[in-house]
Amino acid sequence: MWRTGRVLNLRLAGREAARLCSSNPPKPSPPSSSQSKSSPRPQAEKQRRRREREEAILSSQHITTADEELKWSEKQKIAYTTKTPPGTKKDTSLLFPSAYNPEYVESSWYQWWEKEGFFSPEQHERLPHIVDQTFSLCIPPPNVTGSLHLGHALTVAVEDALVRWRRMQGYRVLWVPGCDHAGIATQTVVERRLLREEGKRRQDFTRQEFLQEVWKWKNEKGEEIYHQLRRLGASLDWSRACFTMDPGFSRAVTEAFVRLCDCGLIYRSEGLVNWSCALESAISDIEVDSKQLSGQTMLSVPGYENKVEFGTMLTFAYPIEGQEAEVAVSTTRPETMLGDVAVAVHPDDPRYQAVHGKLCRHPFTDRLLPIITDSMVDMELGTGAVKVTPAHDHTDFLLSQRHSLPRLTVIGGDGTMRPPCGQWLEVHLFVSSKGVKRFDKLFRGKKSHAMTLPVCSRSGDIIEPLLKKQWYIHCDEMAKKATQAVEDGQLEIIPHFYTKTWKNWLSNISDWCISRQLWWGHQIPAYQVELPNSTDKQEEQWVWGRSKGEARQRAAIKYGLKPEDITLTQDPDVLDTWFSSGLFPFAMLGWPEQTTDLQRFYPNSILETGSDLIFFWVARMVMLGTELTGQLPFKKVLFHSLVRDKHGRKMSKSLGNVIDPLDVIHGVSLERLQEKVKEGNLDPREQLVAMEAQRKDFPKGIPQCGTDALRFALCSHKMQGEDISLSISQVLSCRKFCNKMWQTLRFTLGVLGNNTTPVGALEETTPLSSMDRWICSRLYSTVKQCEQAFEAFELHIVTSVLYSFWVHSLCDVYMVRSIIFTHGRSRHMAGSVLYHCVSTSLALLSPFMPFITEELWQRLQPVRPGAAAQTSLCLQLYPCSSQLEHWHFPKEERDFMLVQEVIRVARSIRAQCGMTKEKPAMWAVCSPSQAKVLLHFGSAVWTLSRISNLHIYCPHRGNDLLSVHSTPPPEGGLIGVVNHECQLHLHIQSRTNIDKQMRQLSQRKDKLVPKLKEILCRVQSPDYLTKVPAHVSVRGPISMKLHVFDNTLALNMSA
C-alpha cells in the first residue's frame, strides 16, 4: 500500500489519458488507500527494459553463459547411511570419505542442533565465554501461501551469518521464525482450489465454513516454508515460532487497534481506494502491477468472455446550455463518463473565457454540469477541458473538495454499473464502455493513446478507484517521529544512502487505509451501534473493544444507555496484512503482556530485510512500534540488495523466474523446472518467456550444490550496493571450495596422525620457521579483517578474506611447502600450526557454512583430546584478534608479498613456454633488501617456483650479503619483470621455448597496450583526480602495467 509508484499528474488536461495509471489520491483528507512517489518516466523506462529483456530471451541469438560453459559431473555419490535417530549426534568416527558430497555432509546435523537447544537463548548461560549482551531480530515473515525463493535464501543466509557470529561471540541470541497469514494471497489460493476441486465459490460457504477450509489448507501447506528454512541451516528458535493468526498474535492486533482508536489515530472516513472487482476488496499498492500499453490493445479481463479494448482516447462534445456551442472533452475511460459532475478548464485559457460558470449538458444522461475553473488544468494538453468524475478518479476527488462538487458513484464493487446509469444499469463496466463508444451523436473522434493500467497481481483484474468508507490511520505525526529518529541517530539505516529516501517518503506520507473486504485475516474489532428507536440509518455510529462485551460497555457509557438496550454488529472487514506484520518485532515477544522475552529482547538489535520493503514494512514497524511501545522496534536497519536472474529481472512468481533454493541444494532437472512454471498462474506470453529463459539458463538443469555452497555464494555478493545477479556457476565454484576444505582436512589428519606428541594449545604454540610465522600472521590478519567487516555488516569482505586465506595462503603455499620439508621439532610445530590454522578457519567459516564446518571440526577434535569446550562448533568462541596477537608478524607478511610476486612471475614464464616437468635454474637480479627477503624465504621460492636452483645477484651488493652470488645470470635465458628493481632470469636450454615466449609477449603487448593507453589517456585528464576518489583511481596500476610490459619485452629482446 505504501509502494513507490508514480506521482499524480495534476496537469488535468493530460490526466484523462492516464486515469488508470495510479490508484493514489492527492494528500488531502479524506485519504486514499495508498500513495505513489515516482514519476511516469521511470515506470515507462522499467517497462521498456522489461520488454527488451523478454525479447532478448525469446530471440534466437544466444550468448553462451558461464553456467553452460561450466561442466560438472558427480564423480561419486556418497550418502550417509548410518542409522542415526533424529536428534542424535552424527557419528564422525566413520571412515573419512575420499570426496566431498553435500548430501553426506548435511545429513543429521540440523536435527541434532535443534534437539539440543543450541539455537535457544537459554543455552547462553552454559557458554564459558558468555558476555552480558543480547542480539535479537525477527525473520521477515514470508507469506504462508508459497515457498521461498533465492531472494528469501539471501535474507536467511545474511541473517543466519550475523546470528551465528553473535552467538559464537557469547551474546544471548534470539532469532524468531514466523509466517504471515497473507490475507489476499491466501484467500485467493484457497478460493481457486475450492473452485477447481469442488466447483464452489467462496459465496457458497458461510464465513466460518470458508475459514475452516483456509485453516485446513494452512495446516497442510504451511510447514513447507519451515522445512525450507531448516534445510537452509537457519539457526532459528523454533520454540518461539510465530504465525500472525495465532491466538496470542491476534490479541496483540486487537490491542493495537483499540489503543490507536482510543488515542484518535485510527478513524473511519470515505475515500478512494484501489479496488479489485474480482476480489471485491480494496487492495494495497503491493498487490498492484503496472501494465504499460503503447497504444490500442485488446486484453483479457477476468469475468469477460471477450477481450476488452484499452489504450485509446475518445473525444465527446458537451453542449453548452443556451448556446450553439460545445466543449470537447477527451477521455481514456468512457465508462466513467456516467459519473461526471462537472467540466474543468484553466481560468487563463482564452478559448474558454466565455463559458466560465456556464452549464453544459452531459452527452448521454442530459444532466446539466457546471463548467468550473481551476489552475491545476493544463491548457496545453488535449482540448484543455477535462471532465470531473470524483467517485472514480483521485485527482477529480481533490477537485470535488476544492469546488464542493457531489460524488456520483456509478460502478459497484462487483464491477457492474449502478444507478444512475440508465440503460447500462447492472451492466459490467467494460461492456458499458463499448456501449458508450457507440453513442455517435456527440462523438468527436478516437485515437490510439499510450497508457499504464493498474492490474491486480492476485486476480489479473483491472484496478478500479472506488469511493468507499474505510478505516484509516493518521500518519503525519508518527512519520515525523520516524524521520526524527533517523536524524537524531537513534535509528541507523544501512546503507546510509537510504536515509534520504526514508526522509523524502515520510515527509510526503498520506494516511493509511487499513481495512480489507476479505474473510481471511483479523476481523476488525469495531462494532456498528444500533440504538433503540433509531431512525437515522445514514449516520454511522461505531465503538470498538477488545471483545464484544467491552465494546457494548463502551457504547453504553458513550450513549448513556443500558448495555442490553444496544445492538452491535461487528465490521465484517479484516485488517490489512501489513498492519499485523507491522507489529511483529514486539508481538512476537508477547506484547501487550510484559513478558520476560519482551523485557529482555525488545527493542530488537537489528532488522535485516530487502530494500524493497522500506515503505511497506519497515516504516510501518517503526511508526507502530514507537506509538504502541514508546520505543523504536530496533536500533539498526540493514537493507540488502535484490536478487535478480541472469537477465536482470527481479525474481518474481508473476514472471515465473523464481528458483527454489532446495532445487539448488539438491539439484533439479530442466523438465521439473518447466513443470513448475506450468503449475503457476502465468499468462501465455509470460509462461513462454519463463520457459525459454530456463532452457537457456539451465539446459541440463541445476546440479546439486549443497546448502553451504549456496549460502557462501549468496553472502559473497556485496549486499549494500547493486542488485545481485546470482548464477549457478558461482554456487558450483563455492561447492568446489567445499571440496578444497574437505581435502585440506584429509591432508591435515594425515599429517597429524603421524605425530606422537599431542597438539598444544593455541596460546602455547609459537611458530619457529619463516613459513610458520608467515602463515600465523596471515591468520591473525584474516581474523582482524573479519572482525572489522562483520561489525560493518560487509559480509562479502568476510567471505573474500576467508576464501583467500584458505585457498591462496593455507593450501597453495603453506601446505605445499612447510610440512613436506620440515623434520623433528620443526615438523611437530608445523603440525600444531596447521591444526590451529585449520581449526580456527573452520570456526571463522562456521556462520556461513554451518554443515561442512561442523562435520570437519568434529573430525578434527580427536587430534587434540579435551580441546572441545562445547559439543558443537556453533557454540565455540568466534576467533578474535586478541587471541592471536602473539601470532602477528607484520614484517613476514610484508616481505612475503615480494616472494609471492616472484613465484607468480616464475610460474608465468614457465606456463608461457609450456614447461611442465623441467626445473630450470633461476637467477633473481634484485636490490640488497630484496635479496635478504628471498634468502629468508629461499626454500619456499625454490619449491613453489618449481626450479632446480635459486641464484641471487645484486648489481649493488652490500657487505652483509656474502652468500649472494656475485656472477650475473647467463645470457640467452627467459626474463620476467617483478618490479622496477627485480628481474627473474630462467636458464633455458631450448631456444624453442625462448622464441615461443617472445611471440607470446609480443602478441600480448599488441593486444593489451592500446587498450591500456586508451584508458590511461582518459584518466590523465586534468580533472580526473578531482572527480575520482583515490581508492577508485586506476592511473597508477595502468602506468605500472605498461612499464612492466615494455621492460619485459625489451629485456627478452636484448637477451
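Helix H19, which spans residues 614–629, is mostly covered, since 13 of its 16 residues are buried. Directly after H19 comes Gly630, whose phi is positive, near 80°. These values, like those that follow, are computed from a predicted model.

The protein chain as a whole holds 34 helices and 33 strands. Of its 1055 residues, 57% are buried. Among the contacts in the protein chain with a separation of 6 or more, 77% are accounted for by residues 24 or more positions apart.

**Aromatic rings**

A pair of aromatic rings is described by the distance of the centres and the angle of the planes. The count for this structure comes to 35 aromatic pairs. One of them is formed by Phe249 and Phe584, a tilted pair with 5.6 Å from centre to centre and 45° between the planes. This pair links distant parts of the chain, with Phe249 in helix H10 (residues 247–262) and Phe584 in helix H17 (residues 584–587), 335 residues apart. Both Phe249 and Phe584 are buried. Elsewhere, one aromatic cluster is made up of Trp165, Phe712, Phe737, Phe790, Tyr803, Phe848 and Tyr878.

Lys468 lies over the face of Trp275, at 4.5 Å from the ring centre, and the charged end of Arg773 sits over the ring of Phe889, 4.0 Å from its centre.

**The crossing of H29 and H30**

Two packed helices are described by the angle between their axes and the distance between the axes. For helix H29 (residues 890–913) and helix H30 (residues 928–936), the axes come within 9 Å and cross at roughly 85°. An angle of 65 to 115 degrees counts as roughly perpendicular, and H29 and H30 are therefore roughly perpendicular to each other. On the H29 side, the residues that meet H30 are Glu892, Asp895, Leu898, Val899 and Val902, while H30 contributes Gln930, Val933, Leu934 and His936. The residues of this contact between H29 and H30 divide into five nonpolar, two polar and two charged.

Lys932 also lies in helix H30. Is Lys932 buried or partly exposed? With a relative accessible area of 45%, Lys932 is partly exposed, because partly exposed covers the range between the 20% limit for buried and the 50% limit for exposed. Lys932 and Asp895 are 37 residues apart in sequence, and their C-alpha atoms are 9.4 Å apart in space.

**Backbone details in loops**

| Site | Backbone angle |
|---|---|
| Trp591 to Pro592, cis peptide bond | omega about 15° |
| Tyr602 to Pro603, cis peptide bond | omega near 0° |
| Ala182, positive phi | phi near 50° |
| Asp366, positive phi | phi about 70° |

Pro592 has its place in the loop between H17 and helix H18 (596–601), whereas Pro603 lies in the loop between H18 and strand S26 (604–610).

Ala182 is found in the loop between strand S3 (178–179) and helix H7 (183–198). With a relative accessible area of 5%, Ala182 is buried, because buried means under 20% relative accessible area. Asp366, for its part, is placed in the loop between strand S13 (359–361) and strand S14 (368–373).

Note on methods
Residues numbered from 1 in each chain as written. Predicted model: local features only at pLDDT ≥ 70, side-chain atom pairs only at ≥ 80, totals over all residues. Heavy atoms only, no water. Phe/Tyr/Trp six-rings, centres within 6.5 Å; stacked < 30°, edge-to-face > 60°. Helix = DSSP H or I, 4+ residues; strand = E, 2+ residues; numbered from the N terminus. Buried < 20%, exposed > 50% of the residue type's maximum accessible area, 1.4 Å probe, protein only. Lys NZ or Arg CZ within 6 Å of the ring centre and 35° of its normal. Axes fitted to C-alpha atoms, helices over the stretch in contact; angles between N-to-C directions. Parallel < 35°, antiparallel > 145°, perpendicular 65-115°, else oblique. Contact = heavy atoms within 4.5 Å. Nonpolar A, V, L, I, M, F, W, Y, C, P; charged D, E, K, R; others polar.
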